[in-house]
Amino acid sequence: MTDPTTLGLTVLGLETSCDETAAAVVRLDADGGVQVLSSVIASQIAQHAPYGGVVPEIAARSHVEAIDAIAAQAMSEAGLAYDDLDGVAATAGPGLVGGVMVGLAFGKAVALARSLPLVAVNHLEGHAVSARLGAAVAYPFLLLLVSGGHCQLLEVGGVGACRRLGTTMDDAAGEAFDKIAKTLGLPYPGGPALEKLAVGGNAERYALPRARLGHKDCDFSFSGLKTAAARIAEGLSTEAERRDLAAAVQAAIARQLRERTERAMDLYAQAHAGEALRFVVAGGVAANGTVRAVLEEAARARGFSFTAPPLAYCTDNAAMIALAGAERLALGISDPLDAPARPRWPLDAAAAAANPSHLAGRKGAKA
Ligand code: KG4
Ligand code: ZN
């Protein structure tokens with residue numbers, strides 16, 4: 001392995017925790033600069049679309065079929081041989097465990113065959129560093145992680161140092177987008193489809209409930225909104241009505257994300273008085289234009305800098321996994337070859353254990 005203090009680190013990242021088989025090569029320079037040398041994503045959306053959501057068994061099989069070629073393509077697009085790498089980083093959870101095992105086993109095989117260090121990366125840590133793929137963001141920062149499986153506000157103090165300020169009591173924001181989109185007859189994944197439908201819609205036409213109004217914490221809930229939207233969707237007949245409901249749903253989700261983030265910003269600003277205040281939004285829902293806009297406005301109004309990943313790195317990708325791995329390797333952290341695949345793996349283990357605010361099983365947020 002090269003010395004990161006003088007030469008930087010080049011890392012192969014692998015991501016297979018949901019419905020994307022992804023591989024990427026990222027270079028973390030000694031001065032902290034980041035270069036994505038390649039980022040390849042094979043989406044399984046077409047295979048899952050007939051079922052209206054991700055089918056774990058289909059996902060796992062599809063990852064097995066794709067991973068060799070996708071990793072080879074990432075290496076060739078980077079113009080590198082395996083011997084040019086300083087390490088391999090693979091998502092080890094949380095996620096659909098059958099898929100996680102595929103990428104992790106592939107990463108272990110490369111590490112073993114090429115005598116490279118392995119980093120077993122928490123997928124959420126990947127999202128947490130994803131904004132760095134497009135811009136320099138120093139630690140610490142306040143993070144809103146909003147994806148299909150997660151909806152959390154976290155204080156990120158450094159590599160592996162996260163404190164949870166809020167989480168969802170039921171669905172994740174992306175899950176809410178996906179489920180409501182389904183009731184509007186939109187294809188999976190629903191978030192991008194709903195955003196498209198909402199263009200030009202009147203968000204004021206339908207009144208939707210606001211969640212947890214009596215609570216002053218930073219937790220989220222989308223189940224009431226989901227039920228209300230589904231009831232309205234049943235009675236719609238025209239395209240204009242569907243467009244207006246889509247706009248109202250998008251505005252309602254964005255508003256809740258904004259309100260909880262503002263609370264978290266106030267808490268964060270108190271704890272970091274006199275310091276630079278940084279806010280980062282990451283995860284698939286960060287690709288939504290309305291969500292980005294309201295959060296950027298909230299950040300500016302409270303004296304926070306605002307950073308979101310480039311659109312390509314909002315949804316699942318392997319560049320963020322490679323970067324999270326490189327940051328760990330730069331600190332001398334790696335994992336043994338028997339590192340387990342973990343279906344659940346909270347970033348802030350202490351908060352998750354003390355306050356398991358989500359339900360277990362299929363209904364719960366995956367962290
Ligand atoms: O980060 P991601 O790719 O996977 C997880 O780790 O969950 O996020 C996928 C989620 C899906 O729920 C998808 O509907 C949502 O992100 N999403 C969006 C948009 N693009 C993706 N939601 C709203 N608007 C979008 N443009
Ligand atoms: Zn993700």
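Trainee: How far apart along helix 8 are E239 and R242, counted in residues and in helical turns?

Mentor: In this predicted model, E239 and R242 are three residues apart in helix 8, which spans residues 239-271, and that separates them by about one helical turn.

Trainee: What makes the pair E239 and R242 a salt bridge?

Mentor: The cut-off asks for a side-chain nitrogen of Lys or Arg within 4 Å of a carboxyl oxygen of Asp or Glu. The closest N and O atoms of E239 and R242 are 2.8 Å apart, so this Glu and Arg pair meets that cut-off. In general, side chains of opposite charge can pair when their charged atoms come close.

Trainee: Why is E239 called partly exposed?

Mentor: Buried means under 20% relative accessible area and exposed means over 50%, with partly exposed in between. The value for E239 is 45%, so E239 falls in the middle class.

Trainee: What are the classes of K179 and E175, whose side chains also meet in a salt bridge?

Mentor: K179 has a relative accessible area of 33%, which lies between the two limits, and therefore K179 is partly exposed. E175, on the other hand, has 12%, which is under 20%, so E175 counts as buried. The two are four residues apart in helix 5 (residues 173-183), about one helical turn, and the N to O distance of their salt bridge is 3.5 Å.

Trainee: How do you know that R260 is buried, and what is its salt-bridge partner?

Mentor: The relative accessible area of R260 is 1%, and because the limit for buried is under 20%, R260 belongs to that class. The partner of R260 is E259, with the closest N and O atoms 3.5 Å apart, a distance that is within the 4 Å cut-off. Elsewhere, salt bridges that share partners join R258, E262, D266, E297 and R302 into one network, and the structure holds 20 salt bridges.

Trainee: Why is F177 called buried, and what does F177 touch?

Mentor: F177, which lies in helix 5, has 2% relative accessibility, and since buried means under 20%, F177 counts as buried. Not counting residues up to four places away in sequence, F177 touches G190, G191, L194, Q250, I253, V285 and N288.

Trainee: Is D244 buried or exposed, and which residues are in contact with D244?

Mentor: D244 has its place in helix 8, and its relative accessible area of 8% is under 20%, so D244 is buried. Leaving aside neighbours within four places in sequence, D244 is in contact with G201, N202, A203, R205 and Y206.

Trainee: Which helix gives the largest share of the side of domain 1 that touches domain 2?

Mentor: Helix 4 does, with four residues, and the helices that each supply at least two residues are helix 1 (45-48), helix 4 (123-129) and helix 10 (319-330). By class, the residues on that side of domain 1 divide into nine nonpolar, six polar and five charged.

Conventions:
Residues numbered from 1 in each chain as written. Chains lettered and ligands numbered in written order. Predicted model: local features only at pLDDT ≥ 70, side-chain atom pairs only at ≥ 80, totals over all residues. Heavy atoms only, no water. Nonpolar A, V, L, I, M, F, W, Y, C, P; charged D, E, K, R; others polar. Buried < 20%, exposed > 50% of the residue type's maximum accessible area, 1.4 Å probe, protein only. Contact = heavy atoms within 4.5 Å.
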